[in-house]
Amino acid sequence: MQERADEMDAHHEAGIKAFPAKTARLGNQPLAPKLVGGVKVFELTSSVFEWETKPGKTVKAWGYNDQVPGPQIRVREGDRVRIILHNKLEESTSIHFHGLEVPNDQDGVPYITQPPVKPGASYTYEFTVPNSGSHMYHSHHNAAIQVGNGLLGAFLVEPRDKSSEPKADVDYTMIINDGAHGYTLNGKDFPATEPIVCERGQTVRIRFMNEGMMIHPMHLHGMHMTVIAKDGWPQPMPWKCDTINVAPGERWDVLVKATNPGTWAFHCHILPHAESAHGMFGMVTALVVK
Ligand SMILES: [Cu+2]
């Protein structure tokens, strides 16, 4: 009995000790636009590549610019943007700008608003960014497979009037997925997930985004979260919680005042998404308050 407990505990300890485990590449890296005649131009290439979700686990990812999530696009409300998609997949695809109130012909849904982008073809989207907030971009073609395998990313829009924006010392985007790569946060599986690190007294903004197919109640230990926006829209009255349900397609922005020093577990509370007999895995990270 004792032996079995020791063996199990050793697995648990090894996982925690390995955190944050280094993996080959990170997703959600900022993508600087090229400025062309006042237009911010972003180029995204969809392809299939190897992706390390945690040490020793490499999967076939379908993603943009060899990253899962794809590169982070950050613009301002009112910016003119052009997104050029180069499709190097073996099937057609498209990009939908999830949450942005773009003109109909820029909505990225094959046969509703555009033809599919064939293998080897390119397609250009262009619009004036209409609304601010935490949004996403993803494939809208064979989406359960394409988004499930990583064709997704964050599309963050700063408001034209920044005076209404809450001040945050750390701005962290957490994209949740539950497709072919398992239960991941920003394309990584614990212990390869990235901790959120701040100093005591700082304010941390977390932008939850669910690109998966299940609800994930994200739970922070030790401190509460103040919810300030849903799907990019400011809440009429900020409200507090320590567990927030993030449904597929939703974005929730929260602020955490880091008053409680220590390393705090931060995980999905559907426990089979986070912890097993072999220790923690999947949708687990930590908030480290120094
Ligand atoms: Cu979950």
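Glutamate 43 is partly exposed, at a relative accessible area of 32%. Partly exposed sits between two cut-offs: buried is under 20% relative accessible area and exposed is over 50%, with a 1.4 Å probe and protein chains only. The side chain of glutamate 43 meets that of lysine 34 in a salt bridge, 3.4 Å from N to O. By salt bridge I mean a side-chain nitrogen of Lys or Arg within 4 Å of a carboxyl oxygen of Asp or Glu. Lysine 34 is exposed, at 53%.

A word on the source. This is a predicted model, where local features need pLDDT of at least 70 and side-chain atom pairs count only at pLDDT 80 or more, while totals for chains, interfaces and linings use all residues. Residues are numbered from 1 along each chain as its sequence is written, and side-chain values use heavy atoms, with hydrogens and water left out.

Back to the charged pairs. Searching the whole structure gives 17 salt bridges. Another one joins glutamate 50 and lysine 60, at 2.8 Å from N to O. Glutamate 50 is in strand β2 (residues 39-54) and lysine 60 in strand β3 (residues 57-64), so this pair ties together parts ten residues apart in sequence. Strands here are DSSP runs of E, at least two residues; helices are runs of H or I, at least four; both are numbered from the N terminus.

Next, arginine 80 and glutamate 126. Their closest N and O atoms are 3.0 Å apart, in a salt bridge. Arginine 80 lies in β5 (residues 80-87) and glutamate 126 in β7 (residues 122-128), so parts 46 residues apart in sequence are tied together. Both ends are partly exposed: arginine 80 at 35%, glutamate 126 at 24%. Then there is a network. Salt bridges with shared partners join Arg74, Glu158, Lys162, Glu165, Asp171, Arg205, Arg207 and Asp253.

Now the metal. Which residues hold the copper ion as protein donors? They are His216 (ND1), Cys268 (SG) and His273 (ND1), lying 2.0 Å from the ion. Donors are N, O and S atoms within 2.8 Å of the metal (3.2 Å for Na, K and Ca); water is not among the atoms, so sites may look incomplete. The sequence spacing is H-x51-C-x4-H. Histidine 216 is in strand β14 (residues 216-220), and histidine 273 is in the loop between β19 (262-268) and β20 (275-276), 57 residues away. Are these two histidines buried or exposed? Both are buried.

On to the sheet. Six strands make an open, mixed sheet, ordered β11-β10-β13-β18-β15-β16. Two strands pair if DSSP finds at least two bridges between them. At the edges are β11 (184-185) and β16 (233-241), each pairing on one side only. β13 (residues 203-210) and β18 (residues 251-257) run antiparallel over seven bridges. Threonine 203 has lysine 257 as its bridge partner in β18. β15 joins β18 through four bridges, also antiparallel. There, valine 227 partners valine 254. Five of the six residues of β15 are buried, so this strand is largely enclosed by the rest of the structure. β15 (residues 225-230) also pairs with β16, antiparallel, over five bridges. Two residues separate these strands in their hairpin, where aspartate 231 takes a positive phi near 55 degrees.

Last, the whole chain. The protein chain has two helices and 22 strands. Of its 290 residues, 52% count as buried. The C-alpha trace spans about 65 × 45 × 30 Å along its principal axes.
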